[in-house]
Amino acid sequence: MKKLSLLAAALSLGALSAPACAQSLVAGFASEPSSIDPLYHNLGPNNATRKHMFESLIAEGPNLAIIPKLAESWTTSEDGLTWTFNLRKGVKFHDGGAFSARDFLYTACRIPNVPNSPSSMAGFIKRATSIEAPDDHTITVTTAAPYPLLLTDFASFGVISASANGHSGAVSYKKEGCPGIESYLDSKAYNDGSATIGTGPYKFVKFVPGENIVMKRNDDYWGEKAHWETITIRPITNAGARVAALLAGDVDVIEKPPVQDLDRLRKNEKVDVVQGASSRVIYLHFDHAGEPTPGIGGTDGKNPLKDVRVRKAISLAINRPLIIDRIMGGLAVPARQLVPDFMVGVDKSIELEKPDMKEAKRLLAEAGYPDGFTLTIGSPNDRYINDSKIAQTVAQMLTRAGIKTDVDAVTASVFFKRRNKYEFSLYLAGWGSSGAGMASPLRALVASQNKEKGLGGTNRGRYSNPELDAVIEEALATVEPKAHQALLAKASKIIVDDVAILPLHFEVTPWALKAGLTMTPRADQHTVLTSVRPAN
Amino acid sequence: MLAYLIRRFGQAFLVMAVMAAIVFFGLYAVGNPVDLLINPEADLAEQEETIRRLGLDKPVHVQFGYFLGGLTQGDLGTSFVHNRPALELILSRLPATLELAFLGILLAVILGIPLGMIAGLKPDAPYSKVIMTGSVIGFSTPNFWQGLMLIMLFAVFLGWLPAGGRGETVDLFGIPVSFLTWDGLGHLILPAINVAIFKMSLVIRLTRAGASEVALQDYVKYARARGLSPARVLGVHILKNIMIPVVTVLGLETGNVIAFAVVTETVFAWPGIGKLLIDSIGLLDRPVVVAYLMLTVFLFVMINLVVDIAYSILDPRVRVKRGKS
């Protein structure tokens, strides 16, 4: 049977003139979305799945550049406080209903009210003081202060249908609660398909948790029609099983093939590997506040990491190209700033650092540690590609420079708990930036922790630099793109000069596909199957 | 009999309560699920808000109190990840695991017992040596390796069977089952073999040991001397007398397969409860893990009860006595 279908596939490939034949695509995903509800859980697998069925007002292209989607165009007022979006006309939901401004308002109303959301999307709309619809195809948004990241925020959630959610008539958005809407549908209504009505290139068919998600092509799609008639997403969490399923022909494309298998897969003529740069940076963060700091010994209770010379020495002692070559199998790009060159906010004049062991030792001696000290690096061992191996390699490199380094690698759930309790003096983690570019890691990783301003949410090194904070805050209040980017680049320069944080590399994301297929890699590492197509 | 049953259920209840408490406090000590569930871009205020919404800001004993309160109303809690009642989530995955476990055990029994009897009755024949060597390999190689080898052989090289996942299902009394469709059966067969190999090796060795011992007993010789057909001697006089240890072990192993077919389910991407457990532990989805283990304990107690009753059918000397087991 399998032989026959292979033969059939070979024949159909041979007959190039034949247009799209019986087309279905099966994909093996490494993790499963926790729900089909596009507004329930703001996390990778959910957002990737969402993109097939639900579209956002604005979208991020493969390189995370902002592109129009349900909004055709937009303008900003002179003072940067009012945004006007012109919605695309003639867009239809999967149930045939027309998409209009009221659906966007309803989406905004539901976002903060999704029952029991484990990671709410509310942050994406909280800057808007008002969202209004002057007519069916226009939306105006006002913010209290100029806010340049509104576009990225609006690119992050899919628009749902007001009617499919049981609401008829007009919708008006109020921050404190939308009048006339008593309750909102539970995510269950999306998992069973009754409310799973979007505008995207695929329609929902079924979702069996642990088993599969099936979608079929939306033939009334406003844009370019999708290539595959049906697509099936199968969660196969075990990497070996994922590769086996691809080799056996059960699935046509898999995400996250194991790095150690890639060479073998590349040589296999039944399989093609596609890879693309991602926005995910793997970095080391220093404890800038603790004194004494938990993971350091031999310094009489002093925290040597507060000294920029020590931080610089650590940076110089790490041979990034070697890590990429030996540990990452070439699947990474060396980093010095927090986002890759193709994103906004990079200071292009900053060059990569060359490893220099002699200079590292000199700086350590100058800082008063000629004999080094002992250090423990914290790292997860199941979160990022080869995370604990990278930490071990870094530890060996630091030990060569005189800092006797151990690795404390634990499973992600334990790692994050301990990191958030500041139990590490130096820890390895990763950060995948959104289309906001440099602004994304700046405000989360290095801005001083500040709950009111929403800054420093993941700054578990407790770095605090008033000069940097001022630049970041200015950048986050500058809407004009050129000036905004210049400020981000300026902030990036401050971080690099002060070695506030230590970027190691950007992950390169691989996908493996059945030979003859190709796809467009996305920098946010999402697997979006609409980009999978025959290679020729 | 009734007192006996009440006692058994009492035991089950006690073990379940202890288990629930240990798991509850243990998972609390491991970490905070919000660290894993929340988008890293969320700022500090949103992180706190989420922790509050899931009730994780309260001291652990208060959380445990809520859990006990829910328990009295039959509510085992709601999954942090999926926002569905934990019990409902587990029960929705249970049919897949049950059909895998039962087919695996069935294979182990219908292949293991005859093979074990052959090896026991004809210990010197070359094919008996082959059977015994096979059984040693069967229970000494790791389960996941066997699974991957099965996939490599039957799915990748030969292409006869799918490499994993559950096939087409049909509803039987409202429960989705896959063994009634060809596609479903095709998907079921490799994982079932994977589950069966270890159990089968065990059954072979137990049956062989029993058969070689019983075959020399006087009553077997007497039965032969009376001129009973060899089939009757084998099927009644020998088989029945070697079944007690086999039933005991199979009972325990059935519980094991249902509760902890994790390895097979992971390797074959089988959407059963074992995979749900592993995913839930990874995400610290406490309600699901607690409910799962409570259900498991209940299951084990029930299986042991069935095993005890099976004893009394197999061996008239064993009777379920009042208040004793």
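A crossing of two helices is right-handed if the near helix is turned clockwise from the far one by less than a right angle, and left-handed if the turn is anticlockwise. In that sense, helix 9 of chain B passes helix 10 of chain B in a right-handed crossing. The model described here is predicted.

**Helix 9 and helix 10 of chain B**

- Helix 9 (residues 218-225) and helix 10 (residues 230-260) of chain B have axes that come within 11 Å and cross at roughly 155°.
- Angles over 145 degrees count as roughly antiparallel, and helix 9 of chain B and helix 10 of chain B are therefore roughly antiparallel to each other.
- On the side of helix 9 of chain B, the residues that meet helix 10 are Tyr219(B), Val220(B), Ala223(B) and Arg224(B); their partners in helix 10 of chain B are Val233(B), His237(B) and Ile238(B).
- Sorted by class, this contact of helix 9 with helix 10 of chain B has five nonpolar, one polar and one charged residues.

**The course and burial of helix 10 of chain B**

- Helix 10 of chain B has a kink of about 45°, centred on Leu239(B).
- The buried residues of helix 10 of chain B include Ile238(B), Ile242(B), Met243(B), Val246(B) and Leu250(B), and among them are also Gly251(B), Glu253(B) and Thr254(B).
- The cover over the buried residues of helix 10 includes helix 5, helix 8 (182-214), helix 9 and helix 13 of chain B.

**Helix 5 and helix 13 of chain B**

- The axes of helix 5 (residues 86-121) and helix 13 (residues 286-314) of chain B come within 9 Å and cross at roughly 60°.
- Because of that angle, helix 5 of chain B is oblique to helix 13 of chain B.
- Helix 5 of chain B passes helix 13 of chain B in a right-handed crossing.
- Helix 5 of chain B makes the contact through Ala86(B), Leu87(B), Leu89(B) and Ile90(B), and helix 13 of chain B through Pro287(B), Val288(B), Ala291(B), Tyr292(B) and Leu295(B).
- By class, this contact of helix 5 with helix 13 of chain B has nine nonpolar, no polar and no charged residues.

**The contact between chain B and chain A**

- Chain B gives 45 residues to the contact, and chain A gives 44 residues.
- Helix 2 (33-37), helix 3 (44-53), helix 7 (143-157), helix 11 (262-267) and helix 12 (273-282) of chain B each supply at least two residues of the side that touches chain A.
- Helix 3 of chain B supplies the largest share of that side, six residues.
- By class, the side of chain B that touches chain A has 24 nonpolar, 13 polar and eight charged residues.

Key. Residues numbered from 1 in each chain as written. Chains lettered and ligands numbered in written order. Predicted model: local features only at pLDDT ≥ 70, side-chain atom pairs only at ≥ 80, totals over all residues. Axes fitted to C-alpha atoms, helices over the stretch in contact; angles between N-to-C directions. Helix = DSSP H or I, 4+ residues; strand = E, 2+ residues; numbered from the N terminus. Parallel < 35°, antiparallel > 145°, perpendicular 65-115°, else oblique. Contact = placed C-beta atoms within 7 Å. Nonpolar A, V, L, I, M, F, W, Y, C, P; charged D, E, K, R; others polar. Bend = angle between axes of the 7 residues up to and from the residue. Buried ≥ 20, exposed ≤ 12 C-beta atoms within 10 Å, placed from the backbone.
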